[in-house]
Amino acid sequence: QVGAFAEESTLREVRRKVERAGFKTYTQTVTTKDGARTRVRVGPFDDRSKAQQAADGIRQLGLSPSVLTL
């Protein structure tokens, strides 16, 4: 997961940045106690090491991804 965003403009900017780096993204909108948030995610990956490699690449873009097991 690259992040969860309330602002549509921030969401679009992050997705564009990640996709320009060669990663395919998808989103999921959830309701939280603070309102709707849209998660930007990358994957799925065959194994955790591949997910970690992607996260390392995304981190180089100045973002703070998390590797999740879904």
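The side chains of D46 and K50 meet in a salt bridge, 3.5 Å from N to O. A salt bridge here is a side-chain nitrogen of Lys or Arg within 4 Å of a carboxyl oxygen of Asp or Glu. D46 is exposed, at 71% relative accessible area. K50 is partly exposed, at 38%. The cut-offs are these: buried is under 20% relative accessible area, exposed is over 50%, and partly exposed is in between (1.4 Å probe, protein chains only).

The model is predicted: local features need pLDDT of at least 70, side-chain atom pairs count only at pLDDT 80 or more, and totals for chains, interfaces and linings use all residues. Residues are numbered from 1 along each chain as its sequence is written, and side-chain values use heavy atoms, with hydrogens and water left out.

Side chains of opposite charge can pair when their charged atoms come close. The whole structure holds five salt bridges. One of them joins D34 and K33, with the closest N and O atoms 3.5 Å apart. Both D34 and K33 are exposed. E19 and R15 form another, at 3.7 Å from N to O. These two lie four residues apart in helix α1, about one turn of the helix. Helices (H or I, at least four residues) and strands (E, at least two) are DSSP runs, numbered from the N terminus. E19 is partly exposed, with 38% relative accessible area. R15 is also partly exposed, at 26%.

Both members of that pair also meet T25. The T25 side chain makes a polar contact of 2.8 Å with the side chain of R15. A second polar contact, of 2.5 Å, links the side chains of T25 and E19. A polar contact is a pair of N or O atoms within 3.5 Å; within protein, one must be able to donate a hydrogen and the other to accept it, and residues adjacent in sequence count only if both atoms are side-chain atoms. T25 belongs to strand β2, residues 25-32. T25 counts as buried because its relative accessibility is 5%. Leaving out residues up to four places away in sequence, T25 touches R15, V18, E19, V40, R41 and V42. Contact means heavy atoms within 4.5 Å.

Now strand β1, residues 3-5, which holds A4. A4 is partly exposed, at 42% relative accessible area. Beyond its neighbours within four places in sequence, A4 is in contact with R37, T38 and R39. A4 and T27 are 23 residues apart in sequence, and their C-alpha atoms are 9.2 Å apart.

Next comes the backbone. Most peptide bonds are trans. A cis peptide bond joins G43 and P44, with omega about 5°. P44 sits in the loop between β3 and α2.

Last, the surface. L70 lies in the segment after α2 (48-59). L70 is exposed, with 73% relative accessible area. Y26, L68 and L70 form a nonpolar surface patch, with about 320 Å² of accessible area together. Patches are made of residues with over 30% relative accessible area and no salt bridge: like charges are joined within 9 Å, nonpolar side chains (Val, Leu, Ile, Met, Phe, Trp, Tyr) within 5 Å. Areas come from the Shrake-Rupley method with a 1.4 Å probe; for residues, only the protein chains shown count as cover.
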